[in-house]
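Hello,

Here is the structure you will be working with. My notes on it follow below.

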Amino acid sequence: FIGNSTYLDDHGPPLQKVLPFPSQVIYNRVGKCGSRTVVLLLRILSEKHGFNLVTSDVHNKTRLTQNEQMELIKNISTAEQPYLFTRHVHFLNFSRFGGEQPVYINIIRDPVNRFLSNYFFRRFGDWRGEQNHMIRTPSMRQEERYLDINVCILENYPECSNPRLFYIIPYFCGQHPRCREPGEWALERAKLNVNENFLLVGILEELEDVLLLLERFLPHYFKDVLSIYKNPEHRKLGNLTVTVKKTIPSPEAIQILYQRMRYEYEFYYYVKEQFHLIKRKFGLKSHSRKPRSKPEFFIPSPLETEEPMDDEEDDEKWLEDIYKR
């Protein structure tokens, strides 16, 4: 018989670990939108700042059954906090399964550029080693590997037509079967999730500003990220992830891609507009780039960003309001 311990009488209860807010962050990274560059940064930052970086080795399963969703949410929720979980996976609704909804972040890019990067990456890899593509797509036939991009688009090969081109929106729409169908329903649901569940969705074309805002919004995770990103040694690593043998399709083929990806572009321009509004809020200038060729269908132009605002009256309150959503 040991008797009653007097430790608590002498010392009191052990001190609880003080967690930053938010302490649960998910980066459900969209493929070929700079995510490997960001994950390289996160590996450095997790050691530097002492947060738990939880990565997944699953790269080709973005759509999950209900049981798979429950299992993944359970595994994520039990990770040691503060954590940042990252995986290529469509948006997961934690509250649907009784869990606490974490904060989401993500980055997207011009849809045609993303498609082209993926098309050539699957075939030829990147500068880390040209044999990587043979491991990644071992069953791809030679005639398919060297299929001309213009032939693929103009002759309507499956890889270059819908639903394969409907790629970015499902990452924000979620796991519902209708999220995989190109259309207004998935588009509007994706926009709603961006507004309600994502702290920040940036665009790859303005990556330095994305990193700057992430450092401002989530300092426990991203403090000093921009200085690390600009470090010449890190730049060398980043250059190794550039896709090789990429070529530009003909103007006719690009126009067809625009037509097939009209919903992707509506979403991209919506996110870009929201991102520029946030940049305005924090006094960052935006320089809108014109598309390579004008789409034949109508898409509202991104909001022109004005000069930095003189007053900063409610920057912190604005952040607090986002966290409360």
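The model is predicted, so local features need pLDDT of at least 70 and side-chain atom pairs count only at pLDDT 80 or more, while totals for chains, interfaces and linings use all residues. Residues are numbered from 1 along each chain as its sequence is written, and side-chain values use heavy atoms, with hydrogens and water left out.

Serine 46 sits in helix α2, residues 35-49. Helices (H or I, at least four residues) and strands (E, at least two) are DSSP runs, numbered from the N terminus. Serine 46 counts as buried because its relative accessibility is 13%; buried means under 20% relative accessible area, exposed over 50%, and partly exposed in between (1.4 Å probe, protein chains only). Leaving aside neighbours within four places in sequence, serine 46 is in contact with Phe51 and Leu53, where contact means heavy atoms within 4.5 Å.

The 15 residues of α2 reach 20 Å from first C-alpha to last, close to the 21 Å expected at 1.5 Å a residue; the expected span is 1.5 Å times one less than the number of residues. Buried residues of α2 include Val38, Leu42 and His49. Glycine 50 follows α2 and has a positive phi, near 75°.

**The sheet**

Five strands make an open sheet in the order β2-β3-β1-β4-β5, with parallel pairing. Two strands pair if DSSP finds at least two bridges between them. At the edges are β2 (52-55) and β5 (198-203), each pairing on one side only. From one strand to the next the twist averages 15°. Axes are lines fitted to C-alpha atoms, for helices over the stretch in contact, and angles run from 0 to 180 degrees between N-to-C directions. Helix α10 (residues 207-217) packs on the sheet and touches β4 (103-108) and β5, its direction making about 160° with that of β5.

Strand β1 (residues 24-27) is joined to β3 (residues 83-86) by 4 bridges and to β4 by 3. On the β3 side, glutamine 24 stands opposite tyrosine 83 and isoleucine 26 opposite phenylalanine 85. On the β4 side, tyrosine 27 stands opposite isoleucine 105. Both faces of β1 are covered, with Gln24 and Ile26 buried on one side and Val25 and Tyr27 on the other.

Between β4 and β5 there are 5 bridges, and tyrosine 104 stands opposite phenylalanine 198. Strand β5 is largely enclosed by the rest of the structure, because 6 of its 6 residues are buried.

**Aromatic pairs**

Rings of Phe, Tyr and Trp (its six-membered ring) pair if their centres lie within 6.5 Å; planes under 30 degrees apart count as stacked, over 60 as edge-to-face and the rest as tilted. The count comes to 15 aromatic pairs. Phenylalanine 124 and tyrosine 146 have ring centres 5.5 Å apart and planes at 50°, so this pair is tilted. Phenylalanine 124 is in helix α4 and tyrosine 146 in the loop between α6 (142-145) and α7, 22 residues apart. Phe91, Tyr104, Phe172, Phe198 and Phe267 form one aromatic cluster.

Regards
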